[in-house]
Amino acid sequence: MRRVQLAAGAIGAGLLIAALFGGRALAAQIGLGATFPATRIQVDPAPSTVNLPGPTTITALVEDWHGATVPKVSVAFAILSGPNKGKSVPAATTNSDGRATLTYSNTGEPGIDVIQASFTDGLELHKSNRHFVLWLSGPVATAIRSPATISVIPNCFQPATAVTTTSDTFRVVAPRTTPKPNAIPTRPTAETTTITVSGDNFNPFGPVLITFDAGPGGRPQSFEAQTDPFGHFSRDVQVTEPAEGLHLIRADDFRQREADDTNYQVPCYQPSVALDPPIGPPGFVTTAVGSGFPANSTIVVLNWQTPALRSPLPRTIKTDGSGAFQFPILVLYHDLLGPRMLQAIVANPFGERAGAAIEADAPFLVTPGRSQPTGFALRR
């Protein structure tokens with residue numbers, strides 16, 4: 001009898017959500033590209049290099065779950081870090097091709113701006129990936145041409161705070177209260193880590209100066225190393241991690257042997273996860289969609305955050321070759337009504353020295369519905 005009641009509840013939940021979302025909830029048809037953010041908004045993935053004062057233009061693209069572009073959507077842009085951090089920039093509306101653009105200039109100093117776009121559908125705030133703008137005040141200083149080379153392990157860092165920037169959130173409705181004085185913003189605690197810098201084909205038996213974050217607008221950190229009889233060195237250095245972007249590491253022995261590494265990136269990955277649909281009653285099955293995770297990797301966690309009412313899932317769920325996944329998620333019959341967050345975590349493939357695990361969260365609203373017969377809880 002209990003199984004019959006549970007089945008009836010699941011059917012009722014499916015019918016309700018089908019009515020709310022045009023029937024597509026019973027069999028999610030996800031048509032997003034494998035590399036398109038699951039949040040359904042993307043800014044230019046490739047970084048851009050611009051000479052001061054610019055201007056530069058960033059384009060955001062909004063798509064629906066079927067991969068079709070969405071016109072007439074208001075898109076907000078924000079400069080999260082860099083020389084123009086916090087600068088007020090105008091919002092834009094997507095055109096008939098689902099694209100919205102931001103154009104701005106930099107009248108300040110060189111450095112790396114991190115741009116993010118977002119839009120809201122009334123329930124949640126959808127966040128895009130981040131676009132890096134490298135502002136230059138002149139020609140890029142390159143290493144002297146020589147046989148010297150350097151490598152860095154790991155060549156990226158995933159800040160613990162990256163999950164906040166990456167994850168969608170519920171739309172916050174501002175309460176009507178008496179205005180309060182603006183609080184003094186607190187800077188996030190800088191994270192430190194150890195990287196290994198190795199060099200070859202430098203002059204033997206000589207000192208080498210290693211400079212971390214030596215690019216325009218960076219905060220250089222310097223370390224010394226010593227080459228062996230074969231011109232090789234390997235040095236572990238503890239660095240304070242810079243803001244997001246691509247950062248330059250340079251080694252110089254001041255005897256015509258220099259080398260650059262321009263592949264050090266913060267963060268390692270920009271994952272995204274979303275639920276289709278993001279609303280439903282207890283007993284409903286939604287679909288978790290993720291992208292931007294490490295390829296062919298085991299998902300360590302794919303479940304609800306506190307209170308930790310765990311949906312039954314297979315022991316092993318893996319991302320595909322592009323770092324994407326889709327998987328059904330059950331909203332348990334005894335789950336609480338109200339806002340919930342789904343958590344998706346993949347271990348950092350570059351190890352502990354590369355910072356935090358690769359994580360993104362997605363909101364879900366548990367609503368009342370005919371997910372179980374009237375009085376079912378009392379008959380238990």
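The dialogue below takes up salt bridges and then the disulfide of this predicted model.

Q: Which parts of the chain does the pair of Glu-244 and Arg-130 tie together?
A: Glu-244 sits in the loop between β14 and β15, while Arg-130 belongs to strand β8, so the contact ties together parts 114 residues apart in sequence.

Q: Is Glu-244 buried or exposed?
A: A residue is called buried under 20% relative accessible area. Glu-244 is buried because its value is 13%, and Arg-130, at 2%, also counts as buried.

Q: Which residue forms a salt bridge with Arg-250?
A: The partner is Asp-260, and the closest N and O atoms are 2.7 Å apart. This pair links strand β15, which holds Arg-250, to strand β16, which holds Asp-260, across 10 residues. Arg-250 is buried at 18%, whereas Asp-260 is partly exposed at 26%.

Q: Which residues does the disulfide join?
A: Cys-156 is joined to Cys-268, with an S to S distance of 2.1 Å. Cys-156 lies in the loop between β9 and α2, and Cys-268 in the loop between β16 and β17, 112 residues apart. Cys-156 is buried at 4%, and Cys-268 counts as buried at 10%.

Q: Why is the disulfide of Cys-156 and Cys-268 right-handed?
A: The handedness is read from the torsion about the S-S bond, which is about 95 degrees for Cys-156 and Cys-268, so the disulfide is right-handed.

Technical notes
Residues are numbered from 1 along each chain as its sequence is written. This is a predicted model: local features need pLDDT of at least 70, side-chain atom pairs count only at pLDDT 80 or more; totals for chains, interfaces and linings use all residues. Side-chain values use heavy atoms; hydrogens and water are left out. Helices (H or I, at least four residues) and strands (E, at least two) are DSSP runs, numbered from the N terminus. Buried means under 20% relative accessible area, exposed over 50%, partly exposed in between (1.4 Å probe, protein chains only). A salt bridge is a side-chain nitrogen of Lys or Arg within 4 Å of a carboxyl oxygen of Asp or Glu. A disulfide is a pair of cysteine sulfur atoms within 2.5 Å.
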